[in-house]
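Follow along with me while I look things up, starting with how the contacts are counted.

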Amino acid sequence: MELSHPPAIRRLHANQPSAVARPPVTKGPRVTTIPQRHNRVQTLVIERMAVQQWSVSYGGNPAVRDVSLPIRQGEVLALIGPSGCGKTTLLRSLNRLTELTPNATSAGWISLDGVDISTLEPTALRRRVTMVFQQPNPFPMSIFDNVAYVLREQASRRPRRAALKAAVNDALARAGLLDEVAGNLDHPALRLSGGQQQRLCIARALAANPEVLLLDEPCSALDPQSTRVIEELIVRLREEVAVVIVTHNLQQASRIADHVAFMYLGELVEYGTARTVFERARQERTREYVSGVFG
Amino acid sequence: MSTLGTIAPGPPVNGRRGSSSMAMRSASWRVTDRIGLGIAWLLGLIFCAICAAIVLFLLIEGLRFIRPSMLVTNPRAGFTQSQTGGFLGPMIGTVIVALIAIGMAGPLGVAIGVWLAEFGRPRAMARIAESTIEMLAGAPTVVLALFGVLLFESEPLGFLSVTNSNGVVFGKSFFAAGTILALVALPLVVTTVREGLQAIPDHVREASYALGKTRIATTRRILLPAIRPSVITGTMLGVGRVVGDTAIILLLLGDTPLQGVGSAPLLSTLRGTGSTLTSYIYNNAPTGELNQPNKAYAAAFVLLAIVLTLNVLVDVSGRRARERRWS
């Protein structure tokens, strides 16, 4: 179903008037400047998904309320906010994983390339909008089979290993893991280190050639070195896929995100470029959160 | 360093507390707690001593009487224990019974375990299945054996055993014994499979769904391979119970030499009767009909060796499974 009358996206950019009255400027907490990403190379930006007045509730308790925002290829969108603010629920809505929770109900529209995702087959949608989780969770099989998993059974006949080899190597290379595991593709994936496991999960998510990559706090279980490697990877990936990342780590958001959405109590408080949100946020709540007053 | 030291002194390098924390050292506990700890230790040691005594007694007695020839000869009629042969037949019987029972309980148990843990709908049916499994686990095997007798002596199932010229169904066969023994092994397989599945974090399943896989594909490609160690453990525990059971063997197999029924190669064995190590021990025990304690001890040694080996294998496979896990 194409949306005949798509509802207007609530504009919350810095240069546009906000729907919410701007609070009087008080002597609030000092906003500390967070280091920004060094090379802000401009990439071609294409809008892939649009979230429009989206709400989700679990058994009557609203988790996400009336959120609207665009998701674009060529940039990284970071969802930030305190625990329980609905950012993970919003992320899981994008590939309809919320539907696996029995008591979840939702309202609003989410479109992928102009098509309402509720009209798509969930399995087909999830191959186009893949996801990486907080905990590295490779499947209990070899490295090769982990990446090939998504490619198998997609066709009616199971493809042979040789036919998959190129695609698997490509996905591993895009996730920056190929050089490290090239000789050991048959080793069990659970023997890899935590950071390698997480990059394997990214490779697994990329193998399907998705349009959107969802990352749910992908670095929170990793050491700083692995985190850095994955952050660089995410920045590189935004040219090929639209990247949405949920993170608790504000430094991380400022390092890798082009746009930032700040959520609080299920509502989208502020959406804007990373610089705007971290340095010149219009909402009091956002300023307090990014400066560490609460959260 | 020195300023830090004044704020937070490091742990004492030497001294009475040593490397372990104070709470872990029973020397600092209250008297009642220390008495409790002492009793717990004592009971634990007594329990271990009893188990060790049984195993050691049987091992020593068995080693005294076992002869290599016993493992390769069948029981024979004779007046002295040196004339009555060995227990090759009962050993083969044990293997046959275990194979039949686990061949049935294995796949069925995995299927039930997966259904209970992953699907479990409709709820009411899952709950009934759960309590059935629990009841089965608690049922005395002789009761199950009695049920088996009723079942396999019935006319429609007569083809599974011998029917004599008067049309009376004999009801004793390897198939009958194996089927009822499968009910003994089933709860163990179901329980271990369920526990294995419950130990897999939900985000692993979701990772598969998030790649566009269905629940069936996830179960088949991710969950079943992941619980392979649990399946092996459950199967081995089941085999341990099956080879050690006596009541079902006595009522549904008897204690005869191996004899096939009919001419079809596999079917004749299934329909035929024989004996197992447990029935052999039962009849040769000092209180049994044959009263050949030497043979009983030797056979008990073999049975114990089988069961202990299985337990060690379960332990090893469980340990290897724990090595590779998600956090």
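Entry 1: contacts. Before counting anything, I note that two residues are in contact if their C-beta atoms, placed from the backbone, lie within 7 Å. I also remind myself that this is a predicted model. For chain B I took the contacts between residues at least 6 apart in sequence, and 70% of them join residues at least 24 apart. In chain A, residues 24 or more positions apart account for 72% of the contacts with a separation of 6 or more.

Entry 2: the two chains. I looked up the secondary structure next. Chain A has 10 helices and 10 strands, whereas chain B has 13 helices and zero strands. I then asked myself how spread out chain B is against a compact globule. Its radius of gyration is 27 Å, well over the 20 Å that the globule rule gives for 327 residues, so chain B is more spread out than a compact globule. The box that its C-alpha atoms fill, taken along the principal axes, is roughly 100 × 60 × 35 Å. As for burial, I found 37% of the 327 residues of chain B buried, and 48% of the 295 residues of chain A.

Entry 3: two helices of chain B. Just after α3(B) I came to B:Gly120, which has a positive phi of about 60°.

Entry 4: B:Arg67. Where does B:Arg67 sit in chain B? I found it in the loop between α2 (31–65) and α3 (88–119). Is B:Arg67 buried or exposed? I counted 12 other C-beta atoms within 10 Å, and a residue with 12 or fewer is exposed, so B:Arg67 is exposed. From there I looked across to B:Gln292, which is 225 residues away in sequence and 15 Å away in space, C-alpha to C-alpha.

Entry 5: where the chains meet. I listed 18 residues from chain B and 23 residues from chain A in the contact. On the chain B side, α7 (202–209) and α8 (215–226) each supply at least two residues. By class, I sorted that side into 10 nonpolar, four polar and four charged residues.

Definitions and conventions
Residues are numbered from 1 along each chain as its sequence is written. Chains are lettered from A and ligands numbered from 1 in the order in which they are written. This is a predicted model: local features need pLDDT of at least 70, side-chain atom pairs count only at pLDDT 80 or more; totals for chains, interfaces and linings use all residues. Helices (H or I, at least four residues) and strands (E, at least two) are DSSP runs, numbered from the N terminus. A residue is buried if 20 or more other C-beta atoms lie within 10 Å of its own, exposed if 12 or fewer, and partly exposed in between; C-beta atoms are placed from the backbone. Ala, Val, Leu, Ile, Met, Phe, Trp, Tyr, Cys and Pro count as nonpolar, Asp, Glu, Lys and Arg as charged, and the others, Gly among them, as polar. The radius of gyration is taken over C-alpha atoms; the globule rule is 2.2 Å times the number of residues to the power 0.38.
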